Amino acid sequence: MKLYHYTSLESFWKIWVTKELLFASSNVPSNNDYFERNKSLYFDSNEGYKYISEVLMNSSKKRTPNPLNLYRQISFTMDYSIDKYGFETLGCLSPMMWGQYADRGRGVCIELDSEALDIKPDVIWAKAIDYVENLNSFSVTTENLESIETMNEAIYKQRDTIFFQKSIHWKAENEFRLVSKDVRKLNIKDAVRKIIVPSIEGKTTDLVKKLVERQDLFYFLYSNEVNGIKELNIAPFPVSGK
């Protein structure tokens, strides 16, 4: 399966030098999904809400962190299929994704082969996002609060609801996600298949060309019209000397 990671030019530089993608926290102000930033816990008793007020929400520097925030994630876009979206196109051809996650169309899109990624299922959960009309909360019982082990068990059992469910308003992202509590970096050295820049020339193109030696990886984004309808496409850069 092909996966696409949109990023800024600055972040691409770091990714390419290290050949790694970093797992990022979702509870940061820059996350544009309100419910992702504020993962909710639903308790079955007053003891649970007491736990929130006295432990999770305590202003003390020694407060216990929300266990959900210990998990980090990496997001990708998949190819769009007719059965799911009513049209078929590559995941790197979304104008919205270029504008939202590639520095307003000035960044880079990396195409990866999922089969070449070292995704160990015992430490990394991998799944396409399920877009729903009604989001469910993480349901916690009083027993779950007794220890880290029981809380982690509850998270594991409800991982699909917690990490792989988003509001239907985000469906256009067509996201595939990796989630981990223990892994912080994903090696992509052998998985890169294309590096797509927003145009055949410009600042992003010039800098990426200087950074990446393999010309066969270079593709550029362009638009054309077919019967008066605008379309996005990609094309390989001409090989030097030809």
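Visitor: How do you know that arginine 214 forms a salt bridge with aspartate 216?

Guide: In this predicted model, the closest N and O atoms of arginine 214 and aspartate 216 are 2.6 Å apart. The cut-off is a Lys or Arg side-chain nitrogen within 4 Å of a carboxyl oxygen of Asp or Glu, so the pair qualifies.

Visitor: Why is arginine 214 called partly exposed?

Guide: Its relative accessibility is 47%. Buried means under 20% and exposed means over 50%, so a value in between is partly exposed.

Visitor: What makes the contact of aspartate 118 and lysine 120 a salt bridge?

Guide: Their side chains meet at 2.5 Å, N to O. That is within 4 Å, so aspartate 118 and lysine 120 count as a salt bridge. Aspartate 118 has a relative accessible area of 48% and is therefore partly exposed. Lysine 120, at 41%, is partly exposed as well.

Visitor: Are glutamate 175 and arginine 177 buried or exposed?

Guide: Both are buried, which means under 20% relative accessible area for each. Their side chains also meet in a salt bridge, with 2.8 Å from N to O.

Visitor: How many salt bridges does the whole structure have?

Guide: The search finds 13. Asp33, Lys166 and Glu173 are linked in a network of such bridges.

Visitor: Which ring does the charged end of lysine 166 sit over?

Guide: It sits over the ring of tryptophan 170, at 4.5 Å from the ring centre. The distance limit is 6 Å, and the charge must also lie within 35 degrees of the ring normal. Lysine 171 has its charged end over the ring of tyrosine 85, 5.4 Å from the centre; this value is also within 6 Å.

Visitor: How many aromatic pairs does the structure hold?

Guide: There are 13.

Visitor: Why is the pair of tyrosine 6 and tryptophan 98 called edge-to-face?

Guide: The ring centres of tyrosine 6 and tryptophan 98 are 5.5 Å apart, and the planes stand at 85 degrees. Centres within 6.5 Å make a pair, and planes over 60 degrees apart make it edge-to-face, so both tests are passed.

Visitor: What does the pair of tyrosine 6 and tryptophan 98 tie together?

Guide: Tyrosine 6 lies in strand β1 (residues 2-7) and tryptophan 98 in helix α5, so the pair ties together parts that are 92 residues apart in sequence. Both residues are buried.

Visitor: What makes phenylalanine 218 and phenylalanine 237 an edge-to-face pair?

Guide: The centres of the two rings are 6.1 Å apart and the planes are at 80 degrees. The limits are within 6.5 Å and over 60 degrees, so phenylalanine 218 and phenylalanine 237 are an edge-to-face pair. Phenylalanine 218 is in strand β14 (residues 218-226), and phenylalanine 237 is in the segment after β15 (229-236), so the parts tied together are 19 residues apart in sequence.

Visitor: Why do phenylalanine 218 and phenylalanine 237 count as buried?

Guide: Phenylalanine 218 has 5% relative accessibility, and phenylalanine 237 has 9%. Each value is under 20%, so each residue counts as buried.

Visitor: How do you know that serine 26 is buried?

Guide: Its relative accessible area is 3%, which is under 20%, so serine 26 is buried. Serine 26 is found in the loop between β3 (24-25) and α2. Beyond four places away in sequence, serine 26 touches Asn31, Glu36, Arg37, Lys39 and Gln73.

Visitor: Why is glycine 105 called partly exposed?

Guide: Its relative accessible area is 25%, between the 20% and 50% limits, so glycine 105 is partly exposed. The place of glycine 105 is in the loop between α5 (95-101) and β6 (108-113). Not counting residues up to four places away in sequence, glycine 105 touches Trp98, Gly99 and Pro198.

Visitor: What makes alanine 116 partly exposed?

Guide: Alanine 116 has a relative accessible area of 30%, again between 20% and 50%, so the label is partly exposed. Alanine 116 lies in the loop between β6 and β7 (125-128). The C-alpha atoms of alanine 116 and lysine 189 are separated by 9.0 Å, although these residues are 73 apart along the chain.

How values were computed: Residues are numbered from 1 along each chain as its sequence is written. This is a predicted model: local features need pLDDT of at least 70, side-chain atom pairs count only at pLDDT 80 or more; totals for chains, interfaces and linings use all residues. Side-chain values use heavy atoms; hydrogens and water are left out. Helices (H or I, at least four residues) and strands (E, at least two) are DSSP runs, numbered from the N terminus. Buried means under 20% relative accessible area, exposed over 50%, partly exposed in between (1.4 Å probe, protein chains only). Contact means heavy atoms within 4.5 Å. Rings of Phe, Tyr and Trp (its six-membered ring) pair if their centres lie within 6.5 Å; planes under 30 degrees apart count as stacked, over 60 as edge-to-face and the rest as tilted.
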